[in-house]
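Please look over the chain shown below before reading on. The paragraphs that follow lead through it one region at a time.

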Amino acid sequence: MYYKFNGFTQRLVGAAASAAYNPQGLKPIVSTESPALIFGTTKLASDLPATDSFLGKNKVPDLQKLFQKADGLPVHLKRGVPDKLLYRTTMALTIGGTIYCLVALYMASQPRSQK
């Protein structure tokens, strides 16, 4: 289904494809037909075999099992040591940055000494 912006109600409303792509009733200047192929080496997705190496294995079901397991761990620590290292590094940088900001604020609030 296609949508377009209705200027009167200020909301999206359902529309035909031609109205959605050409708001205000404008007609396209350029032809909407696709141009002829210049190079004939293009493959369609349906022509590719399902076992191509670039497709790889679908990891989503395995990750769903991992993240939905009721083991009491928060989601950001479920993948083990790498997640713990990232979490601890982030926390250390956050605490260090907070301390640095407080020290800089303290130094900026001190009056300058007159020489």
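UniProt, in an unreviewed entry, lists residues 85–108 under "transmembrane region"; UniProt positions are given here in the numbering used for this chain, with feature names shortened, and such annotations may be inferred rather than shown by experiment. The model itself is predicted, so that local features need pLDDT of at least 70 and side-chain atom pairs count only at pLDDT 80 or more, while totals for chains, interfaces and linings use all residues. Residues are numbered from 1 along each chain as its sequence is written, and side-chain values use heavy atoms, with hydrogens and water left out.

Helices (H or I, at least four residues) and strands (E, at least two) are DSSP runs, numbered from the N terminus. In these terms the protein chain has three helices and two strands, which follow one another from the N terminus as β-β-α-α-α.

Helix α3 covers residues 81–109 and includes V103, which is partly exposed at a relative accessible area of 42%; buried means under 20% relative accessible area, exposed over 50%, and partly exposed in between (1.4 Å probe, protein chains only). V103 also belongs to a nonpolar surface patch with Y87, M91, I95, I99, Y106 and M107, and together these residues have about 720 Å² of accessible area.
Accessible areas come from the Shrake-Rupley method with a 1.4 Å probe, and for residues only the protein chains shown count as cover.

In the loop between α2 (60–68) and α3 sits K78, which counts as buried at 10% relative accessibility. Leaving aside neighbours within four places in sequence, K78 is in contact (heavy atoms within 4.5 Å) with L66, F67, K69, D71, L73 and D83.

Q10 has a positive phi of about 60° although it is not a glycine. Most residues other than glycine have a negative phi.

For the protein chain as a whole, 3% of the 115 residues count as buried.

Note on methods: Patches are made of residues with over 30% relative accessible area and no salt bridge: like charges are joined within 9 Å, nonpolar side chains (Val, Leu, Ile, Met, Phe, Trp, Tyr) within 5 Å. A salt bridge is a side-chain nitrogen of Lys or Arg within 4 Å of a carboxyl oxygen of Asp or Glu.
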